[in-house]
Structures are given as structure tokens and as C-alpha cells.
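User: Hi, could you walk me through a structure I have just opened? I would like to go through it piece by piece.

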Amino acid sequence: MSAPANPRAAFAAASFAALRAAAGDGQGEVLHLPLADIDEDPGQPRTVFEEEGLALLAASIRAHGLVQPVVVRPAVDGRHRLAFGARRLRAARLAGLAEVPAVIRRERDGDFAAQVIENQHRAALSNSDLVAAIAQLAADGHTGPQIATICALKAYEVSAFRQAGNFPPELRARIDQADMRALYDLYRQWRKTPDAVLAALPEADVVLTVTEARRIVGGITGRPTGSLVVDRPVPAPAAPALVHDAATAPATASAELRADGEVLHGAKPDVQEGHGRSGGKPQPTAAPGPSATEPVQPPVFHVTAGDGAEGRLIVDRRAGGVGLVLVAYASGIAEVNAADLRIVRVE
């Protein structure tokens, strides 16, 4: 059985570790700091805190303690500034704790991006916080794909958040009560018909979903939106097959309809060679097959962009900007840079 540790040596070692941590040179030693000595970071990404989520986290802390330490900066005038763990810190206060486990770490380059990553993976930021965070990340020099990775978003979602600064006040006021894709779809329509979009908005306390936004846009444009399949005109029912004499059939009988509704002229009459007449009596032609009566459907292009998500290229509608195209994903329609597209397959 080993001899008990020297109490004086143990105290000295603990004091030295605490001194190094307070100076910001610690190796991840966990200290217990009074909650009253920790201030929140005014520049952190999260400013909107969901009360119900905090209450649930506080209940968990009461039952099991704060399992994951918060991270704070070295003390200045006896006070620490929080670096990571704003929700845990607030929930600990709600739980009635007097002190919390904490790791002290100096500020480093890239800490803001790390704060966004931690927040997004623990409890997603509000739309308004994401708008501000994405603007800050862009100002810090991050590219679109980098921002998408940091924020755990798809490329088209990042594009929607970056447009939020251009929203009219009526849409900006709903940012935290709406799906951002819904607001983006309404914004795109607002650029064309501003009065109609604003007049069609529901009451301010109604949560705007993608479905509701598409209903509004469809009501204004008179056409459905959001389909994963390229919007195509419904072909008219095929007329009953007519029997014509090869010599007396009108010229238009040899025309076929193209998928876009235009007539392809000069098509060969549907008469078997050598059977135009027999013994002076008109002979019926064979009934046209499906290829003669059904319009040819345009191909469907399956594409991917920078984030790897697969969607279908919309070929009959224009995007709102130069160099952009519309792609229908499982979660909605987005504007994508045409240069970033790669064709996966064609149906």
C-alpha cells in the first residue's frame, strides 16, 4: 500500500496549477469559479435564449450537476469573461449553483467561428443570431463553403441568410418566427411584386412555414411552387385516332407536338409505304402508337453544388441574379451559382 501524499506538496501542486490556469497558461485544468465572478461575452454569437430549453437544462443540472465545464478567459481585475458555455452558465444560475467548473483559456484567432460551431451543435442559434454570425464570418474573410461548414448549413441556406439584410422591414421583423427558406422565397417574390407579397402576409404572430410561403407565392403568380419535379404543362388528352386516306389527309396530320407545345413540321405522314391506295379504294392507316401521340418530355437534370446535396435543376424558371440558377432540393428551391453545379445524372 503506497504512502499517503504529502498534504503540503499536494496543496502546492494544486496552487501552482491554479496559478497557471489563471494566467491563461494552463493545460486544461478544471477550476471551480464563483458564478458571480463570470461575465458573459457581449460579442458571442448567441443573443436569443429559448426559455423552455434553459429550464430543461437547469433541471438536468440540479439533478446531475454541470457535467461539461464552461470556458472562460483569464481574469481581469478579478473577473472572468465567458468564452464558451452561455447556455450552461445561465442554466446553472437558474439551478441555483454558487460556482461552476471552468477551464481558463486565452483568446485565440478563430474563437468566434469556434463559438458558432459549439452553439450550432449544442442548440441551434436563432435565425437573427445566424444572420449576424454569418455576416461576421464573411467580414472575417471566410468563404461561402467555409461558412456553411461552420454553421452546419447547406450552401443555399447560407445564401438565404446573407440576403436577410436586403429584406423589407415587414419580413425582417419575422426572422425569428419563420423558416428562413420561407422568408427567402417571399423576398424573391417581393422583388417582383412587393405590394402583393406584403398584403398576403398573415398576422404577425403566425409562424411562416415554407408551405405557407409557397401558398402565398403561388396565389400571386398563379402557378404552383416548390415541386421537386420541373414544372411542366399538363398535356391535353390525346384525340381519338382518326383514319385518313394518305392522299386526302390534311397536311397538319403529319405534324407532331414538341414538349414545349411548338409544332414540328415536315414529319413523315403515318402511312405505310406502298399502301396509299389499293384497287382505287382508300385504305385506313394504322393507329398511331404512343410515340406519335405523347409529347416528348424534357430531360430532368440531377445536379450537386459545393455542399454535395443533390437536387433537380429547374429549367423553365429564371433565378433572381446573374450567373444563378434554380435547384429544387428536398427542403425547398434555392438559387445556386451555375459555376458550382455538377451534373450527376439525366433522366
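Analyst: Gladly, and let us begin with a pair of strands: strand 2 (residues 38–39) and strand 4 run parallel to each other and are paired over two bridges. Please keep in mind throughout that this is a predicted model.

User: OK, and which residue of strand 4 does Ile38 stand opposite?

Analyst: Ile38 has His80 of strand 4 opposite to it.

User: How many bridges join strand 3 to strand 4, and do they run parallel or antiparallel?

Analyst: Strand 3 and strand 4 are antiparallel, and two bridges join them; in this pairing, Val71 stands opposite Phe84 of strand 4.

User: Why is strand 4 described as largely enclosed?

Analyst: Four of the five residues of strand 4 are buried, and therefore the strand is largely enclosed by the rest of the structure.

User: Where is Arg73 found?

Analyst: Arg73 sits in the loop that links strand 3 (70–72) to strand 4 (80–84).

User: Is that arginine, Arg73, buried or exposed?

Analyst: Arg73 has a relative accessible area of 6%, and because residues under 20% count as buried, Arg73 is buried.

User: What does the side chain of Arg73 reach?

Analyst: The side chain of Arg73 reaches the backbone oxygen of Arg106 at 3.3 Å, and a polar atom of this side chain also lies 3.5 Å from the backbone oxygen of Arg105. If we leave aside the neighbours within four places in sequence, the residues in contact with Arg73 include His80, Arg81, Glu107 and Asp111.

User: Switching topic, which residues of helix 2 are buried?

Analyst: In helix 2 the buried residues are Gly53, Leu54, Ala58 and Ile61, and because they cover an arc of only 135 degrees around the axis, they are on the same side of helix 2. These buried residues pack against helix 3 (86–94).

User: And what is on the face of helix 2 turned away from the buried side?

Analyst: That face of helix 2 carries the exposed residues Glu52, Leu56, Arg62, Ala63 and His64.

User: What happens at the start of helix 2, and what comes just after it?

Analyst: At the start of helix 2, a side-chain oxygen of Glu50 comes to within 3.2 Å of the backbone nitrogen of Glu52, while Gly65, just after the helix, takes a positive phi of about 80 degrees.

User: Last one: which residues are buried in helix 7, and what covers them?

Analyst: The buried residues of helix 7 (residues 155–162) are Tyr156, Val158, Ala160 and Phe161, and what covers them includes helix 5 (127–139), helix 9 (180–190) and strand 12 (324–329).

Technical notes
Residues are numbered from 1 along each chain as its sequence is written. This is a predicted model: local features need pLDDT of at least 70, side-chain atom pairs count only at pLDDT 80 or more; totals for chains, interfaces and linings use all residues. Side-chain values use heavy atoms; hydrogens and water are left out. Buried means under 20% relative accessible area, exposed over 50%, partly exposed in between (1.4 Å probe, protein chains only). A polar contact is a pair of N or O atoms within 3.5 Å; within protein, one must be able to donate a hydrogen and the other to accept it, and residues adjacent in sequence count only if both atoms are side-chain atoms. Contact means heavy atoms within 4.5 Å. The arc is that of the directions from the helix axis to the C-beta atoms. Two strands pair if DSSP finds at least two bridges between them.
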